[in-house]
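Biologist: I'm new to this one. Can you put it up and walk me through the helices?

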Amino acid sequence: MSEKTLTRMDLSEAVFREVGLSRNDSAQLVESLLEHMSDALVKGEQVKISSFGTFSVREKAARVGRNPKTGEEVPINPRRVLTFRPSHLMKDRVASGNKR
Amino acid sequence: MIRSELIQKIADENPHLYQRDVEGIVNTIFEEITNAMSRGDRVELRGFGAFSVKKRDARVGRNPRTGESVQVEEKHVPFFKTGKLLRDRLNGK
């Protein structure tokens, strides 16, 4: 496995190739997509992208955690966490693409 | 929010673009992420999160209905880790 890391730059490069926009505008669109998704999630909405996956926000209850090093008990406050559930299509493509 | 609502929001902000171009752009972005992961690559979007591929080792599974043992092959699954900024925003920080 080559294991490269792509960033926003690679996504905006793909947008740049897809439509005849400037590199600057392409980067702005990638940013705006991530912002809209984040805003919806922060509002507690689910973000469901067909054939990609679903992002949802889950409420975690307070619990008592433990510092694994010292054994000391520490309270963990209730919090909201984001989970991503990949679509079947994505799972299939990732599984078949990485098959040896 | 679903894909079409996301497209609509971006189209509303960009009246100079055709709706079908915005559609193409949004699809390209998600497509690019899926393609990267199917090559085994990571996609790191600072502040939002990172998509990566995790390997699941081969194991002996069990058919829950019959109790029969089955060999499950090694496989790769998509994984998402939330970025620090978004995690903090979710918790009102």
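Modeller: Here is a short talk about helix packing.
Modeller: This is a predicted model, where local features need pLDDT of at least 70, side-chain atom pairs count only at pLDDT 80 or more, and totals for chains, interfaces and linings use all residues. Residues are numbered from 1 along each chain as its sequence is written, chains are lettered from A and ligands numbered from 1 in the order in which they are written, and side-chain values use heavy atoms, with hydrogens and water left out.

Biologist: Which residues of α1(A) are buried?

Modeller: A:Leu11, A:Ser12, A:Ala14 and A:Val15. Buried means under 20% relative accessible area, exposed over 50%, partly exposed in between (1.4 Å probe, protein chains only).

Biologist: Where do they sit on the helix?

Modeller: Down the axis of α1(A), the buried residues fall within an arc of 150°, so they line one face. On the other side, A:Met9 and A:Arg17 are exposed.

Biologist: And what covers the buried residues of α1(A)?

Modeller: The cover includes α2 (23-42) of chain A, plus α2 and β1 (42-45) of chain B.

Biologist: How do the axes of α1(A) and α2(B) cross?

Modeller: At roughly 135°, coming within 9 Å. That makes α1(A) oblique to α2(B). Oblique is what remains after under 35 degrees (roughly parallel), over 145 (roughly antiparallel) and 65 to 115 (roughly perpendicular).

Biologist: New topic: chain B. What about α1(B) and α2(B)?

Modeller: Their axes come within 9 Å and cross at roughly 125°. α1(B) and α2(B) are therefore oblique to each other. Among the residues that meet are B:Leu6 and B:Ile10 in α1(B), and B:Val26 and B:Phe30 in α2(B).

Technical notes. Axes fitted to C-alpha atoms, helices over the stretch in contact; angles between N-to-C directions. Helix = DSSP H or I, 4+ residues; strand = E, 2+ residues; numbered from the N terminus. Arc of directions from axis to C-beta. Contact = heavy atoms within 4.5 Å.
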